[in-house]
Amino acid sequence: MEKSCISVFLLLVAVSYALAKNDGKRDTKEVKETKPKLPQTLSRGWGDNLIWTQTYEEALFRAKTGNKPLMIIHHLEDCPHSQALKKVFAEHKEIQKLAEKFVLLNLVYETTDKHLSPDGQYVPRVLFIDPSLTVRADITGRYSNRLYAYEPSDISLCKYIFQQKLAHTFRTDECLLKEQ
């Protein structure tokens with residue numbers, strides 16, 4: 001009887017040790033998995049210091065009531081072209097400064113407004129809407145097959161559009177987009 005009690009005791013010790021060893025591993029995994037993620041801002045990396053709107057409807061409302069032009073950036077999180085443009089846009093200090101003059105919206109989904117895809121649904125795509133809520137299809141990039149597409153190498157064109165074209169097009173305020 002003593003032998004069987006000792007055997008059961010040793011078996012319980014071995015099982016307890018094995019379970020305790022596995023529990024320690026599980027705790028570290030659970031801690032790693034349950035670390036809170038930082039909340040994603042509305043900028044989605046396009047410029048954390050800028051004020052971004054959450055929805056298309058909110059952006060239209062702010063553009064109309066604030067008498068400011070609206071810039072909409074269509075992109076995808078896993079698109080390498082979108083990621084490259086985002087990086088250049090977010091790091092370019094002058095572009096970030098000029099972007100403050102706009103109501104800003106970046107979308108990772110398509111809207112129901114067909115005016116926002118006049119030449120198709122591709123990313124990245126940048127469109128402008130004036131304060132009268134007219135989509136400005138005449139403000140395009142340099143590509144004939146994707147009129148509203150911009151690439152990282154087009155950052156000087158973006159700056160030009162911000163400073164010149166839009167300053168003349170959106171005459172809502174005399175100094176709205178003047179170069180500072």
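Is Phe89 buried or exposed, and what is its relative accessible area?

Reply: In this predicted model, Phe89 has a relative accessible area of 5%, and because buried means under 20%, Phe89 counts as buried. The residue belongs to helix H3, where Ser82, Leu85, Lys86 and Phe89 are buried. Seen down the axis of H3, these buried residues fall within an arc of 105 degrees, so they line one face of the helix. An α-helix has 3.6 residues a turn, so residues three or four places apart point the same way. On the face of H3 turned away from that buried side are the exposed residues Pro80 and Glu91. The length of the helix also agrees with expectation, because the 12 residues of H3 should span 16 Å at 1.5 Å a residue, and the end C-alpha atoms are 17 Å apart.

Since Trp46 lies in the loop between helix H1 (2-33) and helix H2 (56-66), while Phe89 lies in helix H3, the pair ties together parts that are 43 residues apart in sequence. Trp46 is itself buried, with a relative accessible area of 0%.

Another pair is formed by Phe128 and Phe162, whose ring centres are 6.3 Å apart with planes at 85 degrees, so this pair, too, is edge-to-face. It links distant parts of the chain, with Phe128 in strand E3 and Phe162 in helix H5, 34 residues apart. Phe128 and Phe162 also form one aromatic cluster with Phe102. Phe128 is buried at 2% relative accessibility, and Phe162 is buried with a relative accessible area of 2%.

Phe89, Phe128 and Phe162 come together again in the description of the largest nonpolar core, which has 20 residues; the members that touch the most others are Met71, Ile73, Phe89, Leu104, Phe128 and Phe162. At least two residues of this core are supplied by each of strand E1 (70-74), helix H3 (80-91), helix H4 (93-99), strand E3 (125-129) and helix H5 (155-169), and the largest share, four residues, comes from H5. Apart from this core lies another, of 17 residues, among them Tyr56, Ile72, Leu107 and Leu127.

How values were computed:
Residues numbered from 1 in each chain as written. Predicted model: local features only at pLDDT ≥ 70, side-chain atom pairs only at ≥ 80, totals over all residues. Heavy atoms only, no water. Core = buried A, V, L, I, M, F, W, Y, C linked by side-chain atoms within 4.5 Å. Buried < 20%, exposed > 50% of the residue type's maximum accessible area, 1.4 Å probe, protein only. Expected span 1.5 Å × (residues − 1). Arc of directions from axis to C-beta. Phe/Tyr/Trp six-rings, centres within 6.5 Å; stacked < 30°, edge-to-face > 60°.
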